[in-house]
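Dear colleague,

I am handing over the structure below, and after it you will find my notes on what was found in it. Please read them alongside the coordinates.

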Amino acid sequence: MEVRAKKALGQHFLTDQGVARSIVAALSADSPVRDVLEIGPGMGVLTQYLIGREDIDARMIEIDSESVSYLLTHFPGMEGRLMEGDYLRLDMSRVFPGPYRVIGNFPYNISSQIFFKILEDKDRVPEVVCMIQKEVADRIAEKPGSKVYGILSVLLQAWYDIEYVLSVGPGAFVPPPKVHSAVIRLRRNARTSLGCDEKLFKQVVKTAFNQRRKTLRNALKPLLPEGLDTSDPIFDLRAERLSVEDFIRLTQMLEIH
Ligand code: SAH
């Protein structure tokens with residue numbers, strides 16, 4: 001019995017074994033971090049290769065009980081590794097005590113929320129390999145100046161180096177999604193702190209992009225301390241022109257007050 005694909009759970013099962021092998025192979029082999037979380041194993045197309053790797057101790061979180069039953073009957077030794085539940089509600093401190101890596105063909109409808117959750121735990125997550133909608137992958141990897149450069153690009157690039165691994169067409173899945181997909185790898189960069197308040201940094205980035213057609217002077221109005229001198233030319237720009245470093249400098253200017 002196969003798992004019936006449920007749209008609401010973003011279920012598109014990868015059937016191309018070559019792609020599945022490449023995704024699992026994209027998790028670095030030389031990492032000292034053995035613990036790996038797979039988000040949304042589905043019918044186990046990635047899981048089968050993950051559990052075959054001797055350098056990895058994998059655990060999986062799957063929300064769909066039908067997929068969970070499938071995995072338990074098809075893969076011996078899954079008990080104790082497979083958790084049934086919602087990754088977005090999972091308390092990661094109860095899953096792994098130390099650092100862990102993340103892999104998955106993410107449910108596309110919640111991929112941004114997954115990245116925000118990974119960011120909350122960024123100091124424990126040195127590497128992420130994931131398949132997401134190609135459009136989102138492009139956005140995340142994009143540099144300043146591009147129309148699709150946005151909140152996730154800045155917040156992720158502040159902490160991670162992002163590499164494009166491969167693109168995957170709809171035909172690699174059952175049922176085929178309407179969109180193209182891409183696999184990316186994120187590796188934690190050397191940054192240990194931003195040099196500004198992290199919460200304010202996030203707020204500045206979000207506020208600036210939420211009104212991305214406005215100059216920063218206008219878009220950031222609600223955040224500008226009274227009396228702040230906004231003659232610096234950075235305030236004439238729009239969010240999409242700013243690098244991570246520019247956003248840090250901007251946050252520092254708002255902080256001084
Ligand atoms: N890895 C499989 C399935 C990818 S589809 C493959 O490549 O074929 C996405 C998977 O994520 C589905 O199995 C879906 O049930 C699961 N999923 C969706 N939302 C989830 C959530 N919030 N937490 C954990 N798993 C989730």
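**Helix α7 and its partners**

In this predicted model, the residues Ile 151, Val 154, Leu 155, Ala 158 and Trp 159 of helix α7 are in contact with Glu 198, Phe 201, Lys 202, Val 205, Lys 206, Phe 209 and Asn 210 of helix α8. Sorted by class, the residues of this contact of α7 with α8 comprise eight nonpolar, one polar and three charged. As for the geometry, α7 covers residues 151-159 and α8 covers residues 198-210, and their axes come within 9 Å of each other while crossing at roughly 150 degrees. Because angles over 145 degrees count as roughly antiparallel, α7 is roughly antiparallel to α8. The crossing in which α7 passes α8 is right-handed.

Helix α7 also packs with helix α5, which spans residues 111-120, and here the axes are 11 Å apart and the angle is about 30 degrees. The two helices, α5 and α7, are therefore roughly parallel to each other, and their crossing is left-handed. On the α5 side the contact involves Ser 112, Phe 115, Phe 116 and Leu 119, which meet Ile 151, Leu 152, Leu 155, Leu 156 and Trp 159 of α7. This contact of α5 with α7 has eight nonpolar residues and one polar residue, with no charged residues.

A further partner of α7 is helix α6, made up of residues 134-141, whose axis comes within 7 Å of that of α7 and crosses it at roughly 55 degrees. That angle makes α6 oblique to α7, and the crossing of α6 and α7 is right-handed. From α6 the contact draws on Arg 139, Ile 140 and Ala 141, and from α7 it draws on Leu 152, Ser 153, Leu 156 and Gln 157. The residues of the contact of α6 with α7 fall into four nonpolar, two polar and one charged.

**The ligand**

Which residues are closest to the ligand? There are 21 residues surrounding it, and the closest are Gln 11, Gly 40, Glu 62, Asp 86 and Asn 105. For Gln 11, a polar side-chain atom lies 2.8 Å from an oxygen atom of the ligand, and for Asn 105, an N or O atom in the side chain is 2.4 Å from an oxygen atom of the ligand. Pro 41 takes part through its backbone, where an N or O atom lies 3.3 Å from a nitrogen atom of the ligand.

**Individual residues elsewhere in the chain**

Is the peptide bond from Val 174 to Pro 175 cis or trans? The bond is cis, with omega near -15 degrees, and Pro 175 belongs to the loop between β8 (173-174) and β9 (181-188).

Strand β9 also contains Arg 188, whose side chain is joined to the side chain of Asn 189 by a polar contact of 3.2 Å. If neighbours within four places in sequence are left aside, Arg 188 is in contact with Lys 122, Asp 123, Val 125, Pro 126, Trp 159 and Tyr 160; of these, Trp 159 is one of the α7 residues that meet α8 and one of those that meet α5.

Finally, Leu 224 sits in the loop between α9 (216-219) and α10 (244-255). With neighbours within four places in sequence again left aside, the residues in contact with Leu 224 are Arg 217, Thr 230, Phe 235 and Leu 254. The C-alpha atoms of Leu 224 and Glu 255 are separated by 9.4 Å, the two residues being 31 residues apart along the chain.

Methods:
Residues are numbered from 1 along each chain as its sequence is written. This is a predicted model: local features need pLDDT of at least 70, side-chain atom pairs count only at pLDDT 80 or more; totals for chains, interfaces and linings use all residues. Side-chain values use heavy atoms; hydrogens and water are left out. Axes are lines fitted to C-alpha atoms, for helices over the stretch in contact, and angles run from 0 to 180 degrees between N-to-C directions. Helices (H or I, at least four residues) and strands (E, at least two) are DSSP runs, numbered from the N terminus. Angles under 35 degrees count as roughly parallel, over 145 as roughly antiparallel, 65 to 115 as roughly perpendicular and the rest as oblique. A crossing is left-handed if the near helix is turned anticlockwise from the far one by less than a right angle, and right-handed if clockwise. Contact means heavy atoms within 4.5 Å. Ala, Val, Leu, Ile, Met, Phe, Trp, Tyr, Cys and Pro count as nonpolar, Asp, Glu, Lys and Arg as charged, and the others, Gly among them, as polar. A residue is near a molecule or strand if one of its heavy atoms lies within 4 Å of it. A polar contact is a pair of N or O atoms within 3.5 Å; within protein, one must be able to donate a hydrogen and the other to accept it, and residues adjacent in sequence count only if both atoms are side-chain atoms.
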